Amino acid sequence: MRLEHQNHLAQLIDQTKARIIFLFHDNPIDLLQQKKLSVQIFKQFKQNQIRLPSLKEHAEDLDEYLRKFIAQYNVKYGKQIVGVQEEALKWLYSRTWKNNLQELSSVMEQAVQFANHEYIRKEDFNDILKNTDDHTQLGCSVIDLNKPLAEIEKDIIWKVLQEEEMNQTRAAKRLGINRSTLWRKLK
């Protein structure tokens, strides 16, 4: 949000009795120094800040999250994964987890879903991340194969449309169908 809009918002907040919650991905002090955060907005919440540390800062909790996710996705996919091999565990600890638990959950869901062994191996994670760009959120392109074929097809079409910035012509060409077929399949 542009600074002038933030200043206007700060005035509106001053006039209301409602509680407002701000959520920042980056440190608000850094945003203030970079002139990306209004001084008025910062003053309104600086006394009542709650900082949630990143997963990287609480790496000691990773084991517990892994157990939870493995149990959850074992049930979902009818698997009996026991745990994570040591080499894979070291790899998990080395990651920055930019999207924290959301990213970890997505990676573990895919690992449980595709693992063919008692323990998740580093190779399982390599297979998951092979075609994933580090700047892309993990899990965004996962297609639920437990859905009916028609729904899977819709998910694929919507994903391609989003990647092609909703350009119907490019999406249809990429899918090898014409535009009218594309929209018929989405109905």
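The following legends describe close-up views of a predicted model.

Residues are numbered from 1 along each chain as its sequence is written, and side-chain values use heavy atoms, with hydrogens and water left out.

View 1. The buried residues of α4 are L62, L66, F69, I70, Y73, N74 and Y77. They cover an arc of only 135° around the axis, which puts them on the same side of α4. Here, buried means under 20% relative accessible area, exposed means over 50%, and partly exposed lies in between, with a 1.4 Å probe and protein chains only. The arc is that of the directions from the helix axis to the C-beta atoms. The cover over the buried residues of α4 includes β1 (83-84), α5, α6 and β2 (119-120). G78 follows α4 and has a positive phi, near 65°.

View 2. F69, in helix α4, counts as buried at 6% relative accessibility. Leaving aside neighbours within four places in sequence, F69 is in contact (heavy atoms within 4.5 Å) with L101, L104, S105 and M108. F69 and S106 are 37 residues apart in sequence, and their C-alpha atoms are 9.3 Å apart in space. N74, also a residue of helix α4, is buried with a relative accessible area of 12%. Residues up to four places away in sequence not being counted, N74 touches K79, Q80, I81 and V112. From N74 to W97 there are 23 residues in sequence and 22 Å in space, C-alpha to C-alpha.

**View 3. The two sides of helix α5.** In α5, A88, L89, W91 and L92 are buried. Seen down the axis of α5, these buried residues fall within an arc of 160°, so they line one face of the helix. E86, E87 and K90 are exposed on the other side of α5. Among the elements that cover the buried residues of α5 are α4, β1, α6, β2 and α7 (122-129).

View 4. R95 is located in the loop between α5 (86-94) and α6 (100-114). With 17% relative accessibility, R95 counts as buried. The side chains of R95 and E103 are joined by a polar contact of 3.0 Å. A polar contact is a pair of N or O atoms within 3.5 Å; within protein, one must be able to donate a hydrogen and the other to accept it, and residues adjacent in sequence count only if both atoms are side-chain atoms.

View 5. Rolling a probe the size of a water molecule over the atoms shows where empty space is left. On a 1 Å grid over the protein atoms alone, a cavity is a set of points where a 1.4 Å probe fits but cannot get out, and a pocket is an open set with protein on both sides within 12 Å along at least five of seven lines; lining residues have an atom within 4 Å of a point. Grid points are joined across faces, edges and corners, and a volume is the space filled by probe spheres set on the points. Across the whole structure, the search finds 1 cavity of 30 Å³ or more. The largest cavity holds about 40 Å³ of space, and its lining consists of L55, K56, A59, L62, L92, Y93, R95 and W97. The largest pocket has a volume of about 1200 Å³. Of the 31 residues lining this pocket, L23, F24, I50, R51 and L52 are the closest to its centre. Helices α2, α3 and α6 each supply at least two residues of the pocket lining.

**View 6. D124 in helix α7.** D124 lies in helix α7 and is buried, with a relative accessible area of 8%. A polar atom of the D124 side chain lies 2.8 Å from the backbone nitrogen of R121. Neighbours within four places in sequence aside, D124 is in contact with A115 and Y119.

**View 7. K35 in the loop between α2 and α3.** K35 is placed in the loop between α2 (28-33) and α3 (39-45). Although K35 is not a glycine, its phi is positive, about 60°. K35 is exposed, with a relative accessible area of 64%.

Notes:
Predicted model: local features only at pLDDT ≥ 70, side-chain atom pairs only at ≥ 80, totals over all residues. Helix = DSSP H or I, 4+ residues; strand = E, 2+ residues; numbered from the N terminus.
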